[in-house]
Structure formats: C-alpha cells, structure tokens
Amino acid sequence: MRLETTKSFLLIVLIGVSLLLSFGLWTYQPSESESLGGEDVYSQGDLGGTEESVRSIIEPTSILFHAEEDTHYGFPSPQEEREFYEELQTWTMSNFREHQIINESNFDMEMRFPDALPMTLANNLFSLDEVAENLPNWSFEKIVLNYKENNRLLEVTFISVDGQHRATATINDASSFELFQSKLVGKEGLIQYVHFSEGAEEIYLPSQVENVENYTLSTRDLNVQMLVNSLFRDPRIVSRSLNPLNEPSYTDAIRELKVIKNGRVMSFINPQSSDGLPSQKQELLEYSMDSISDHGGWTNDYKLLSIDRRSERVRYQMYYKDYPVFDKGLTAIEQKFGSGTLLEYKRPLFKVTSEITPEPTNLDSGEAIIAYLRERGEKDISLENVENIRIGYELAYIDNADYLSLRAKWYMNYNGSWQPVKEENKDAMESN
Amino acid sequence: MQWSQIKTLFILCFLILDIYLLVQFIDKQDRADQYSGDENLTLQEELKREGITLGDIKVGVEKESPITVSPIEFTEEQKETIDELDNQETVINTDNLIISHFDDPIPISEEADGAEISQAINDYVYRAENYKFWEWDKELNVILFFQEKEGDPIYYNQYGLLLVFLNEDNEIEYYTQSILGDTDASHEDNLRTLIKPMQAIGTLYEDNSLFFEDHVDDVEFGYHTWIPPTGGKQVFAPTYKVSVNEERDYFINAIEGQLFTDPEENFTRDMIMENFMDVQVIPNDLDWKDDMINKLRKLTQAETNRSELP
C-alpha cells in the first residue's frame, strides 16, 4: 500500500513536470530580439505624400509630331501633352521584338525621355500585351511612333541610346489609331513647333505660348522628425543640436541629417562602407522609389530626372502645373545608393499647401526665343552647348515667410545645367 | 493489482515524455541564448583555419548608448588654474584650445612606455588624468593622448586631444590640448545591448581585413564619431577598437557592427596643420611664438615631403 501511494505521488509529479515543460517550451521567447534584428522596427515616419509608381514618375520631356514638308507639331501645354502620354500608356502594344537592322529614319511622332531608361522598364511604362521577359539589356532615351495607314496600325520603336539597337511593337487598335490620325493628319489640339537646329540636339519649341501663369504659393514645412524616424536605424538614440544659424542637425554618430538653406532643404548622409557591384538602373530606381515612398516622401509633384548607374545616384525634379521648377538645389530630390543602401539623400523640406491668385504672364514666343538665342550666340554663349530649351518656373522665396513665387521663364539646358535663357540684369536693363 | 500496473506504465511513459521535453527545452534555450555563440563557433573554426589567433578580447561593457558632448566653456576659475600650471606659459585661444610652452623642457626617455609618459606629464597638464596615452609618433616626434569620457577614450577627435611636441633631445617643449565639455545626462535612458567583441572580429574577417596568421591583440571599448566635427555638440557612438599584430587598429561600431574606414591616416598630420594655423594667431608678445611656428612648419613640411615620395 505504501508503494502504491508513492507511485501515485510520483505519477502526479511527473504529469506536473510535463505540463510545466510543455508550457515553458511554448512560451519561451529568446530575449535577444531587442538588440538583434531590430532593423527598421521603428521606421514609422510619414510625410504625408502621395503614392507614385514607376509608371507615373517617368514622363517624356517632349512629344512631337513630324508632319509633311518639315513641319512640326506639338501640344500647346505640357498638361495636354501629359494627358496624351497617359492615354498612350494604356494602348496595348503587341508583337514586341528586337531588331538589329536600322530600317527607316523618319518618324511620325517622337517622345524623348529625361534620361536613358533601361528596356526592362518597358513592362512598367506601357501596356505590353504579354509581359515580355527577355527584354534586351540596352537603354532607350527616345521612342518613336510610325503611322501605317495601309494596315491601320501604329508601330512603336524603342531606339537605343547609341542608335545601334531597336525594338518594335505594334498598336493594333482602331480607337488609338484614329486618335493618332487626328493628331498627325488633322493636327487636332496641336500647335506648330519651331525647330532649333544649332544646339547639341535637335530642339523644338512651341511657336506660341499661351496660358502660362505665375503663381504665389503658400507652403508648409515638412516634419523633420518624421524623416528622422524613417532614416535612422534607432531614432531614440538620435541626438539633436542647433548650429549657429539655428538650423537643427540630427546624428547618431554614424548618420547625420542636417536641415540647411533656412530650413528648406534637408541633407542626410549615411557613410556606410559599401563594396560590391553597382546596381542596375532599374534596381536603383526601385530602391530609390521604395525608400521615398517608405516615408511618404512624394509631397509635391516630382518626376524622374536622371538615373546615374556609375555614381548610383537617382534624381527627381519638382514640377508644378506640369512645368519643371528650377532652382539651385532647392527643388530636386537626390539620392545616392551603395549596394542597395541609401548613402545620401537630399530633398526639399516644404510642401505646397495652396495657391494664391495666378497672374498671367507674357512669355516670348518660340521664334522670339530662338532669335534671341542666336543673338546671344554671337556674343557670350556658344549655341552648340545648348542641349534643350523649355519653359520652366523659377522659384523664389518671398522674404522669410512661408510663401514662394513661381515665375514662368524660358530655360535652356546649357552644358548640363538649367538656366534662364534671358539673363536677369539684361531684362531689367531692357525694361528701364 | 491492475491499476498498479497501469500506474507503473504511466510513470514510465511520463518519465520518457519529461526527459524528451527537458531535452527540447534546454536545446531551445541554448539555441536562443547561444545564437551568436553558435555563429562564434563556426567563426572560430574559420579563424583557426586561417591561422588567426585571438588575445584577450573581453571588454566588460554590455550596454551603452551614444553620448552627446558639448564643447567646453572655461570658467574664469578654470582659466586661472590653467594659467597657473607649473613650469609653463599657456594661451587659450578662441576655440578653447590650450597652447603651452614649457619653461624647462621635460625629458622623456627613449624607451618610455605609455604609463611613464602619462606620469611625466601628469603634474603639468590640466586634467591630465582624463587623457589616455595613444601613441608616440617617432617619425614626427609627437605624442598623442585621447581624452576619456565616461571613463573610456574618445578615439581620434580633434576636440578631445592632447598633442605633445618633443625636441631632438626627446624633451617636451610644447603641447596643445583641446577639451570636450560635459556629457548630456540623457544617455543613461537609452542604453542598447552592444554586439559581442567576437562579432566585431567577425565583421573584420568578413571584410577581409584579417589576414593569414594575424594575431588579434585585444578589443577595447571607447567612443568615436563618423561625422566630421563642426565645433558644436558632438555625438559619439560606442565603438570597439580591435588591435591586430600591434600595428593595425580597426574601429567598429559597437551597436550596429559596421566597420568604418581608417580614421588614423593623416590624423596626426592634419592636427599639426590645425595647430600650425592656431599658433599663427596667438598674441605676438609671447617670445616662443616664432619658435613654435617654425617647429610646426617643419613638421607640416615633413608631411609634404613624405607624400611626394612615390
């Protein structure tokens, strides 16, 4: 009997132990997670920007129709140009293939992009009928469309930057064919463009300029703390200090985020040593767009400006009403990557909140600008350095307040940098 | 009788179950706790294969946080103390850098080690006990000391540096001293678990910074910043210094584990250059000013000569 009691007792103890162990096994959590794997746990910055995709961030800088007798047509405003491009993006392209031979060289319509884009982006930008998997590895800067009246179809050609490769696809759809026809043949909703051939590239400008307005905008500062939360690995150990100009800077002794230019720009550096092969252009664009979307960074209208594979930099230009906004370093987003890690990041720290009564402008016509340029070409500039000419906004701050003004101006890309075609002081002298 | 047999059977079953669960539990605990330990094991094997040996790599610091340090502002009292230091004439410039000239140069023996050198200057330098001997650059005949904060050295920082200049007879003639101010108290609230020193060595190994038959002498704890100083507040990250073969030092962030590019290169020469600039603007009535400028110029020129060599 004594033995039986001991056995019962032993059994109960064993059952108890097994329960305890099972419970322990289920609930035991390693206490390690706070120090390891803490990466990105705190990334919760949100600047409240809109969503952007590769499809919407890349836009052609110009769309041009070449008609008979060397005449050229384009859209009267960049807004209409964008709407047409957005329409074109929905047209189904089929029969995608690559050609080695260069067949013809006159095009009915051409679209130019701000930088060389990898062919792999074709899937993202346009509606290919079947997702092409073996896209060639060259890049294009120009896409042309040809109108085949007999077959009632449009032929799209992607032209490589070096001009050695082409890829074509066809658009075989009655409504898009008719829309294209109405533009090319009927010139519907188009105006004539003038050709400037002395520059580094063939440049076309609208002959008349209408309805460009100057704006005064009120702005709001973006919340820097949101950027700190998102860009630092552990925002709670980030320390803030003020420089003599009262501009804050944040650092955790490795990374540094500085607010500069009167609080209007932030500059972030993350000096990680990075070796490894530079990323592909498309990867770079993806890293970059992800990192900006991550903290809701598309706070104004931004468009892709360039992807530089060698220095692993991606840049975006601010736009307003479909016109680029130019300024020295205040209106562009620029990022540098190394092995997929964000190393440098510079961006404006303001968001446009509302616009105050637009004022009409009186911009020169394309012809007048070309005449003016030719005149300057004989004096102080050499025309072969002119890479592009377009209308853009000049950004200026009104005192120190939260207002800024946008003044429409003709800009030229001279040796890679955008500057007004007409120099400030000259204008002033003329008006006196 | 039957019940008794069933009980025996049950006891046996539960005994086996318990042993199994216990093994599982210990295993899980081991894996979680020794996660890095397991890694270390394979790392250790790899190091062994490469003939890399380890000295004493314990540091004895487990949790730390970055520290924020303000620039120093001397009080009148402190200025007086500095002014009254023995056997020397001192100037404090606008950046609160102390520039000093010894009336009687202090001899240092050729073979003196860090402790002896520290001892030699102890009575003459303001807060000397807060400065840790770093190295004696025999080529330039300059000795470097790093300031300590929270008991640990601040590696390679222009604003926490004691630079001692020796003459041909190994006597200390001049020194310059910059002092970091107070540490913000808040850092105690944000302690983070540091990586194990072994992980730091792993980083070095993966970075191909450790070579065949290297010897890792030790791992030391200190602070360092990778942000160039601007003269305002500075933030220093907990940092491991890993010394290899008594000739190479590597600095690894002790929270995140990154290895950073070598801060040592040209540091001493850059600092001499800075001092050279600073000395130009001290008052002219100091009779040793010209001599010091000349000596510093010689040192900065030694730099150009050297860098011009192929």
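Reply: In chain A, strand β2 (residues 71-74) and strand β9 (residues 191-196) pair in the antiparallel sense over three bridges. Strands (E, at least two residues) and helices (H or I, at least four) are DSSP runs, numbered from the N terminus, and two strands pair if DSSP finds at least two bridges between them. This is a predicted model, in which local features need pLDDT of at least 70 and side-chain atom pairs count only at pLDDT 80 or more, whereas totals for chains, interfaces and linings use all residues. Residues are numbered from 1 along each chain as its sequence is written, chains are lettered from A and ligands numbered from 1 in the order in which they are written, and side-chain values use heavy atoms, with hydrogens and water left out.

Between these two strands, A:Gly74 stands opposite A:Ile191 of β9(A). β9(A) also runs antiparallel to strand β10 (residues 203-206) of chain A, joined to it by four bridges; here A:Phe196 faces A:Ile203 of β10(A). A hairpin of six residues connects β9(A) to β10(A).

Elsewhere in chain A, A:Asn95 belongs to strand β3 (residues 92-99). Its phi is positive, near 60°, although it is not a glycine. Most residues other than glycine have a negative phi. A:Asn95 is partly exposed at 44% relative accessibility, a class lying between buried (under 20% relative accessible area) and exposed (over 50%), with a 1.4 Å probe and protein chains only.

In chain B, helix α5 is largely enclosed by the rest of the structure, because nine of its ten residues are buried; among them are B:Pro197, B:Ile201 and B:Tyr205. After α5(B) comes B:Asn208, with a positive phi near 60°. B:Glu213, in the loop between α5 (197-206) and β13 (215-224) of chain B, likewise has a positive phi near 60°, and is exposed at 56% relative accessible area.

Chain B also carries a negative surface patch, whose members include B:Glu76, B:Glu89, B:Asp103 and B:Asp285. Patch residues have over 30% relative accessible area and no salt bridge, like charges being joined within 9 Å and nonpolar side chains (Val, Leu, Ile, Met, Phe, Trp, Tyr) within 5 Å. Areas come from the Shrake-Rupley method with a 1.4 Å probe; for residues, only the protein chains shown count as cover. A salt bridge is a side-chain nitrogen of Lys or Arg within 4 Å of a carboxyl oxygen of Asp or Glu. Lys and Arg count as positive, Asp and Glu as negative, with His and the chain ends not counted; charges are placed at NZ of Lys, CZ of Arg, CG of Asp or CD of Glu. α3(B) gives the most to the negative patch, with four residues. B:Glu89 lies in strand β4 (residues 88-92) of chain B and is partly exposed at 35%.
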